[in-house]
Structure formats: C-alpha cells, structure tokens
Amino acid sequence: PRKIIIDTDPGQDDAVAILLALASPAEIEVLGITAVAGNVPLELTAKNARIVCELAGHTEIPVYAGCDRPLNRPLITAEHVHGKTGLDGPNLPDPQMQLTEGHAVDFIIDTLRAHEPGTVTLCPLGPLTNIATAFQKAPDVVDRVQEIVLMGGAYFEVGNITPTAEFNIHVDPEAADIVFKSGKQIVVMPLDVTHKALVTQSRNDAFRAIGSKVGIAVAEMTDFFERFDKEKYGSAGAPLHDPCVTAYLIRPELFKGRHVNVEIETQSELTLGMTVADWWGVTDRPPNAMFMGDLDADGFFALLKDRLAQL
Ligand code: BDR
Ligand code: CA
C-alpha cells in the first residue's frame, strides 16, 4: 500500500475522504492525520479528525494539530457550508481519542525524513498552511515527497468563496504559492472535477442502504452538506470535493486532466487565491501540475459505496 499523510480541515467531505482511505488498506496506509485550520478553527478540525477515526474504528491512527491560521492572513472559515461544528449532520459522539503530542508540521517533517525518499505521499484537503510551513522549515523534505495529491483550485468552474477563487487556496494563497512553486509535481483536484462528484438522491440512498454506522453517517453528512450547493448553484447534490484525492490513490484511471503550469494569485485583492492554470498552453511556463478536469462519476461512487461498506 501507498503510505500517505492526510492533511485536513474536516469538513464533511474531508471526513468521507478519510473514511475512504481507512477503508482501503490494500492500497493506502495512513501514517497519520494532520489537522489545519480551514472550514472551522483548528480546535474543531483536530476534534473532527478524531471523531472520524473513531467512526471508522481506527483509533490507532495518530492525529496531530497543526497551524491555527494562514501564514500571513487572518483565518477565513466556512461555517456557512459545513455548519458550526464543521461536521454538522450526523450526531456523532465526542472523541475519546487524544491528539498525539507534537506539532503537525514536525510530524510531517519527521515522517518524510524517517522513510525512504519517494515513499510518502501528501494528501492536503484544506488550506496548505501545514505543508508550506513544513517545506519552509525543512526544505530537504520536499525532494523526499513521493507525490502531492491535493484538493484545491478551479479553472472553468472559477470560484466558490470569491468569484475566482476556490476556498482552500483562497484561505492561504501564500502557502499555496509555496507548494505550487516547490518543484514537486502536484496532482490537483479542482472544482472542475469535484463538481462532478455529486451525491444525487439515489447515491445518498445507496450510502444509507449500507445500513452501518458509517453508511448512515455519510448519508447524514451529505444531506447537510448539500444544502449550500443546492441553493447556491442549483447543484444536483453535495459535491464530494476531498474524496477525489483518496479515490485517485485507489483508482487513478477514474480521472482525466492535463499536465499544465499552475500559478497562484497572491497580490490582487479581486482575484486573490485564483489558480491560474495554463490550460491552453499559451505560455512557456513549465508544467508543475496534473490539473484534473474530468471524472467517471459512476465509477467513483461505486468505489466509494463498496469501500464504505467495508468499515
Ligand atoms: C474545499 O473547501 C472545503 O470547504 C471543502 O472541505 C473542500 O476541501 C472545497 O472548496
Ligand atoms: Ca477540506
């Protein structure tokens, strides 16, 4: 299995991404989960990550708290999407699990140094503050990363927090800039893909029909999470943004994209956090990202349902 660190701000869709990873031990070994401030403040994302591990029955996974605010800016949160707790919807018990001692950034650095180079993949599902801080604090670890597969950005789908920016990148554009300029090739799951991963009513029913604690909780999470997108975009259901990342590790052939240059806007107030993707190759800037654009949604949901049923 592929060794990964999940860096996350749960978030209902983060929760489903984590559940999918934990349900797929043949393909994925979760070395640890690092929480970052994003959808809700750090205290809540660090708590929600443990709630999800307990829901999955995986209390052995170390969960670390990381950065509580973006590199140079005040934190912007998204309670309007995820609810006050960040995980509104199901009624899940407070975690018994403790956080593991130490800072998430140090865990990321130590883990990359402790493993053979090229054997640990980073899976950021929130603002890139922890990852950028690790790369700044320990530049030697960048080369040791196997791959970065992240959820963030948008091209044709433009923005969901401003007219031109996606939430994760907009919240900490300086951090995103550091990661996109790190020299590591990045696999990007932008809104262009994640808005195709919609939990329609029949897909929601299928989760509920699993009948387990996990299946019902996921149905309740997506019930809550779809309100925003339905009202706002008239979307057919909750977009499962972050699970695209963990699904890619299991079935990369579900996704199609282009290897392009992506730069992050960090200056303009109007377009702050925009992922400027050179989709048509109109510059000679070197490609740094596999920017996904299409998804086999039926295949994605079949995988998800099958794996969640195993928890
Ligand atoms: C991203 O922002 C968060 O609200 C979601 O968890 C996802 O990571 C989508 O823009
Ligand atoms: Ca997220």
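This is a predicted model: local features need pLDDT of at least 70, side-chain atom pairs count only at pLDDT 80 or more; totals for chains, interfaces and linings use all residues.
The UniProt record, an unreviewed entry, places the feature "domain: Inosine/uridine-preferring nucleoside hydrolase" at residues 4-301.

The shell around ligand 1 holds 15 residues, of which Gly11, Asp13, Ala78, Phe167 and His241 come nearest. Two elements give two or more residues to this shell, namely helix H1 (12-22) and helix H6 (167-171). Sorted by class, the shell around ligand 1 has six polar, five nonpolar and four charged residues.

Gly11 sits in the loop between strand S1 (2-8) and H1, and the peptide bond that joins Pro10 to Gly11 is cis, with omega near -5 degrees. Val158 is placed in the loop between strand S5 (145-151) and H6. Although Val158 is not a glycine, its phi is positive, at about 40 degrees. Both details stand out because most residues other than glycine have a negative phi and most peptide bonds are trans.

With helix H10 (residues 213-233), H1 packs at an angle of about 155 degrees, and the two axes are 9 Å apart. Angles over 145 degrees count as roughly antiparallel, so H1 is roughly antiparallel to H10. The crossing of H1 and H10 is left-handed. On the H1 side the contact is made by Gln12, Asp13, Ala15, Val16 and Leu19, and on the H10 side by Val214, Val218, Met221, Thr222, Phe224 and Phe225. Eight of the residues in the contact of H1 with H10 are nonpolar, two are polar and one is charged.

Helix H11 (residues 243-250) also packs on H1, with axes that come within 7 Å and cross at roughly 20 degrees. An angle under 35 degrees counts as roughly parallel, and H1 and H11 are therefore roughly parallel to each other. Their crossing is left-handed. From H1, residues Asp13, Val16, Ala17, Leu20 and Ala21 meet Pro243, Val245, Thr246 and Ala247 of H11. The contact of H1 with H11 divides into seven nonpolar residues, one polar and one charged.

Helix H2 (residues 42-56) meets H1 in another orientation. The axes of H1 and H2 come within 10 Å and cross at roughly 40 degrees. H1 and H2 are therefore oblique to each other, and H1 passes H2 in a right-handed crossing. Here Ala15, Ile18, Leu19 and Leu22 of H1 meet Asn48, Val52 and Ala56 of H2. By class, the contact of H1 with H2 consists of six nonpolar residues and one polar residue, with no charged residues.

Technical notes. Residues are numbered from 1 along each chain as its sequence is written. Chains are lettered from A and ligands numbered from 1 in the order in which they are written. UniProt positions are given in the numbering used here, feature names are shortened, and annotations may be inferred rather than shown by experiment. A residue is near a molecule or strand if its C-beta atom, placed from the backbone, lies within 6 Å of it. Helices (H or I, at least four residues) and strands (E, at least two) are DSSP runs, numbered from the N terminus. Ala, Val, Leu, Ile, Met, Phe, Trp, Tyr, Cys and Pro count as nonpolar, Asp, Glu, Lys and Arg as charged, and the others, Gly among them, as polar. Axes are lines fitted to C-alpha atoms, for helices over the stretch in contact, and angles run from 0 to 180 degrees between N-to-C directions. Angles under 35 degrees count as roughly parallel, over 145 as roughly antiparallel, 65 to 115 as roughly perpendicular and the rest as oblique. A crossing is left-handed if the near helix is turned anticlockwise from the far one by less than a right angle, and right-handed if clockwise. Two residues are in contact if their C-beta atoms, placed from the backbone, lie within 7 Å.
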